[in-house]
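Here are some notes for a colleague who is meeting this structure for the first time.

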Amino acid sequence: MNSNIPSMGAANEKLTRNAGMWWSEMTATLNLDLTGFYSEATLETRIAWAISMGYDIGTIYSRFSTKLQHSTDDQVRENIQWAARNHIYVPSELISVDEGVKGKRTRRAGLDRTKAILGERLAKVLLVYKASRLFRQSGKGYQFINEEVVEEGLRAVITSQGIDTDDRKTWKLQLQIHGIMDDMLLDAIADHVRTGLTGLFLNGYTTGAIGIGYRRKVVPEAPLTNRELPRTMPEVAPEAAELIREHAQLLLDGMSVREGVRRWNAAGGPVDPRAMSGKLNYPCYRRLFVNPRLIGKWEFGRRRNQFSTKLDNVKQVEQPEDEVTTLQCEELRILDDETFEALRSMFDAKKTGPRGPRKPTKLQLWDLTTELFLCESCSKPDESVRFYQTGAQGKGMQCKNGDQCQCKSAVQRQGAVEAVCEQLTKLLAQDTELIESVILKSQELDAHADHDLDAKLARARKELSVLSNRVKDLFEMSGEGTEADRNEIKARLRAAQSQRNAAQSEVNRLLRTVDGTTKTLTVEQIRERTTEMSDLLSKAASGELGEDSVYKALAVVRALTGGAIMVRVELRKNRKRTNVIGVFVPQLIRGFGSSPQTEGNGLATQPVTVWLRKPPRMDAIAQRVHELIDFEKMSHRDAAKQLQREGHKVNSGNVWYSYHRWYEMQGLEVPKVPYNNGKKRRSG
């Protein structure tokens, strides 16, 4: 199989086995000549056999929208049977499927795989059961067939609708007519479904999702649903209703909405079952208290889904009052009218007007690096929780979980990125062994080039030479013999050319691999790269880079930090303000574009910490005080004098506090330091 064809979207083992069985059964029914065909042979061998027998090579694409349909086997079977009747061979490796995927999506594993197969010319005919299997919108299906198939000199067949692009005069008209008919059919079905749901709604039955504050109650005497499930109707959930009333009163008393969200989640309040996070967020909390269902006013059809060609997605459109069905159910009331109106007025007052167009701003490094910062408190070994922009004009960033984060703290993006760039610049400047380490790794990699790759390359070149000679010999034989002999030579020539192209692609791939693994850096290149990275980081921190250079700086930061900077929030005892520290493992070798073989064999990879927010003065000098007292054995007074010489305005009392603060930050017990740190007192 061509290495450029992705494996995602391919047929599973069962479908592959069934496809071979359907092909065999259909060829037996049609009494087709299968002499020389072996189902267990390689793909290249089977394709060569099919071409020699005069078959066209086809590929099948299958899709269904919901997980309850399971129509892949039926679509593939019909397409294979049509292909056998029309002298087309479809290898099971060239079958692509999308299961439970909406047709409005443009990025689909099976569809992308089909494009790759057509792009590599592995198949000449695309088989689809219905045009709507390509795209839900007929215009996009027409565009795909015209651009990806017809304009590339290939053929497409819609088997169930009888559309064949070989019929140049009628296929476009047929495809457009079927598209219009499909759209009209969907509209008619939607009208019937909407009318039926309206009837159920008027009878008091559940239609759709149940909101927060309510639960489903089974109606024993009611008929079953179309899915053979018990019919239900909504009723008030007592615990949730009581929580709603409590929060409604707190909001009217002045509690902030964010505090309400925090309390709701802390109390284990119910969440809409459609929510992915399992927690109530700010917009949902706000919509909860302005929903007229809380006063017993239930509506059906207020919004209707409508596909937008411009947005390439479904949007909800507000419907006029005459299209909305309303019921007043006092037994489903949770709040009184006065409380509800007061809440709605309060939330309406908090609304902001439409925003004007944004002014163009210069792209900076801190606009692109937010995804590199991960919350240490919320992240798990198998799941990282990243930071997102927050605050006025998005100048800050905080954990994705927001108020639900146990160590919630926002930090300015610009200051944090500047601190990381400054730390990386220092690491590049102070690590004197970096250049020698990279040189040794490059030389070691060059000396231990992959001999297995060389052997594979030699075999691939030999095979390419044999196939090239075969094509040359067949060209010389063309035009000789009877009509049957010439047809056989043409078929063999096409098969040999296909095999030669595949062999040439394999040789090119191996050459790229060998070239990539044996690249060696010189001393001058390494020094230039070090200087370039330091300069990029310095200018990026000061905001002096252009747009193109910003992306280069982003690549440098991502490589040197390993793409992950853990944000550690330290809650200070008896203090409201927190300390925010970034922790990352420097990957300095990656900045030179090293290959995976050099990873883990170079410089020490001890975690590095950096202040992402400017710390309090006593916390900032705590590390230095610890070194002066514990390592250099200075007294508090001598340590204060040394810090003064280094430019810090401190006294011995500040030194005492910073010393204790360092051990508090490390979670260690403060050792007992003897008077004057064990030194004799100076005589007067």
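1. A salt bridge is taken here as a side-chain nitrogen of Lys or Arg within 4 Å of a carboxyl oxygen of Asp or Glu. The model is a predicted one, and by this rule the count in it comes to 33 salt bridges.

2. One of these pairs is Arg46 with Glu93, whose closest N and O atoms are 2.5 Å apart. Arg46 belongs to helix α2 (residues 43-52), while Glu93 sits in the loop between β2 (88-89) and β3 (95-99), so the pair ties together parts that are 47 residues apart in sequence. Arg46 counts as buried, at 6% relative accessibility, whereas Glu93, at 25%, counts as partly exposed.

3. Another salt bridge joins the side chains of Glu321 and Arg302, at 3.0 Å from N to O. Here both partners are in loops, Glu321 between β11 (313-318) and β12 (325-328) and Arg302 between β9 (297-300) and β10 (303-308), so that parts 19 residues apart in sequence are tied together. Glu321 is exposed, with 56% relative accessibility, but Arg302 is buried, with 16%.

4. Glu664 counts as partly exposed at 42% relative accessibility, while Arg661 is buried, its relative accessible area being 3%. Elsewhere, salt bridges that share partners join Lys297, Glu299, Arg302, Arg303, Glu318 and Glu321 into one network.

5. How many disulfides does the model contain? With a disulfide taken as a pair of cysteine sulfur atoms within 2.5 Å, the count comes to 0. Cys407, for instance, is in no disulfide, since the nearest cysteine sulfur, that of Cys405, is 5.8 Å away. Cys329 is a buried residue, with a relative accessible area of 14%.

6. On the surface, Leu185, Leu186, Ile189, Val193 and Leu197 form a nonpolar patch that has about 400 Å² of accessible area together. Of these residues, Leu186 is found in helix α6 (residues 171-202), and it is partly exposed, with a relative accessible area of 37%.

Technical notes: Residues numbered from 1 in each chain as written. Predicted model: local features only at pLDDT ≥ 70, side-chain atom pairs only at ≥ 80, totals over all residues. Heavy atoms only, no water. Buried < 20%, exposed > 50% of the residue type's maximum accessible area, 1.4 Å probe, protein only. Patch = residues over 30% accessible without salt bridge, like charges linked within 9 Å, V, L, I, M, F, W, Y side chains within 5 Å. Areas by Shrake-Rupley, 256 points an atom, 1.4 Å probe, with all protein chains shown as cover. Helix = DSSP H or I, 4+ residues; strand = E, 2+ residues; numbered from the N terminus.
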